[in-house]
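I opened this model to look up its strand pairing, its overall build and its domains. My notes follow in the order I took them.

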Amino acid sequence: MKVGIIGLGYWGPNLIRNFMSHPEVKTVYGCDLSDDRLNFIKSRFPAAELLKDYNEMLKKDIDIVAISTPVDTHFKFGKMALDAGKNIWVEKPFTATSAESIQLIELAEKKNLKIFVDHTFIYTGAVQKMRDLVDSGEIGAIRYFDSVRINLGLFQHDVNVIWDLAPHDISIMNYLMPNSKVVAVSAHGIANYYDHENVAHLSVYFEDNCFAHFHVNWTSPVKIRKMLVGGDKKMLVFDDMENFEKIKIYDAGVEMSSKEKIHEALVQYRMGDMHSPKVQATEALSLGAAEFIKAINENRDPLTSGKDGLNVVKILEASEKSIKNKGKLIEINQYEYAK
Ligand SMILES: NC(=O)c1ccc[n+]([C@@H]2O[C@H](COP(=O)([O-])OP(=O)(O)OC[C@H]3O[C@@H](n4cnc5c(N)ncnc54)[C@H](O)[C@@H]3O)[C@@H](O)[C@H]2O)c1
């Protein structure tokens, strides 16, 4: 396979490195407008073939175009690549609007090309382990997600902190609850420095008895990457700052006897053992690259497809409407297109 990567800023070099180390990839092209970035990549990856003009890259006989440019350019570059007959890898978040996502999905289907959306966390050992625990029934029905992703982060010029950081956590939530339907979103936040919010809280309501909350912040002095998943049997804590015990399973819960009046109900707390299962440490991006190449060879959608990208973008788009209206509840139909 031959792979071309557009956008060699912060994230693009990771794509170059991981595609280069895949045994089926023969040539990797890189493209960026900036000479500094091209020189940097040349020094780090001398075997990569570098170009300044994206149109020149699209003329090459390549199988995959990976797009790692700012979000507001994903649609334009994705459409050009699909039009040129290339499978596309698009960085999270997939596109800047759900209409753009749908257009790319439909174009790819028409041309029998594949879309991979880089929801990197889905390929981590920790998230795979969480999914196993959910699928096995050990956690029970998920009742809530409570997630914090904060640090002194890089401000993005084109999107706010929800669009930048929350796709990671929303994609994990969607992956752990593939059959649950999100029905409404509410978001609050503040833009202290320029047009885009740097601190935000996003609430997500489901059709059934489940709720999710995401707290994201580019201006926190401490770095926290923590997600609680409350099941009705057990509870999970995913702490990505931990080197070894990334996942902890708590045999904890609350049982309430039903009584007509709440003060008559008997609340029983269960606090059993905690254990921390071993999780695979293989780099997620290398597993993502391998999955996309395998999916193309097998003519199927990859694990994180355009439809998964759309399901995240719908929540982000609704959050944008809500945050501009002081947390107004915005209803969405998450699966109206992507079943
Ligand atoms: N999957 C992850 O965990 C992860 C992590 C970080 C960033 N990302 C995503 O990767 C994408 C890029 O983020 P970043 O932080 O690397 O941004 P960045 O600003 O550091 O890099 C973007 C690069 O794209 C180049 N570029 C822009 N327009 C171009 C054009 N017309 N032709 C050629 N090059 C062009 C810029 O020169 C720049 O070098 C974003 O979508 C971001 O959300 C994903």
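I began at Gly-230, which stands opposite Met-235 in strand 12. Strand 12 covers residues 235-239 and runs antiparallel to strand 11, with five bridges joining them. I count strands as DSSP runs of E with at least two residues and helices as runs of H or I with at least four, numbered from the N terminus. Two strands pair if DSSP finds at least two bridges between them. I found a hairpin of three residues joining strand 11 to strand 12.

I noted the provenance next. This is a predicted model; local features need pLDDT of at least 70, side-chain atom pairs count only at pLDDT 80 or more, and totals for chains, interfaces and linings use all residues. Residues are numbered from 1 along each chain as its sequence is written.

Then I checked the other partner of strand 11. Strand 7 (residues 142-152) pairs with strand 11 (residues 219-231) in the antiparallel sense, over nine bridges. Ile-142 stands opposite Gly-231 in strand 11.

Ile-142 came up again when I looked up Cys-210. Leaving out residues up to four places away in sequence, Cys-210 touches Ile-142, Arg-143, Tyr-144 and Ser-180. Contact here means C-beta atoms, placed from the backbone, within 7 Å. Cys-210 sits in the loop between strand 9 (199-206) and strand 10 (211-217). The cut-offs are 20 or more for buried, 12 or fewer for exposed, and partly exposed in between.

I moved to the whole chain. The protein chain has nine helices and 15 strands. Its radius of gyration is 21 Å, close to the 20 Å of the globule rule for 339 residues, so the chain is as compact as a globular protein of that length. The radius is taken over C-alpha atoms, and the rule is 2.2 Å times the number of residues to the power 0.38. Buried residues make up 43% of the 339 residues.

Last, I looked at the domains. The chain is divided into domain 1 (2-118 + 285-303) and domain 2 (122-282 + 314-331). These bounds come from an automatic or database domain assignment. The C-alpha centres of the two domains lie 29 Å apart. Twelve residues of domain 1 are in contact with twelve residues of domain 2. Helix 8 (residues 284-297) gives the largest share of the domain 1 side, four residues.

Conventions:
Buried ≥ 20, exposed ≤ 12 C-beta atoms within 10 Å, placed from the backbone. Contact = placed C-beta atoms within 7 Å.
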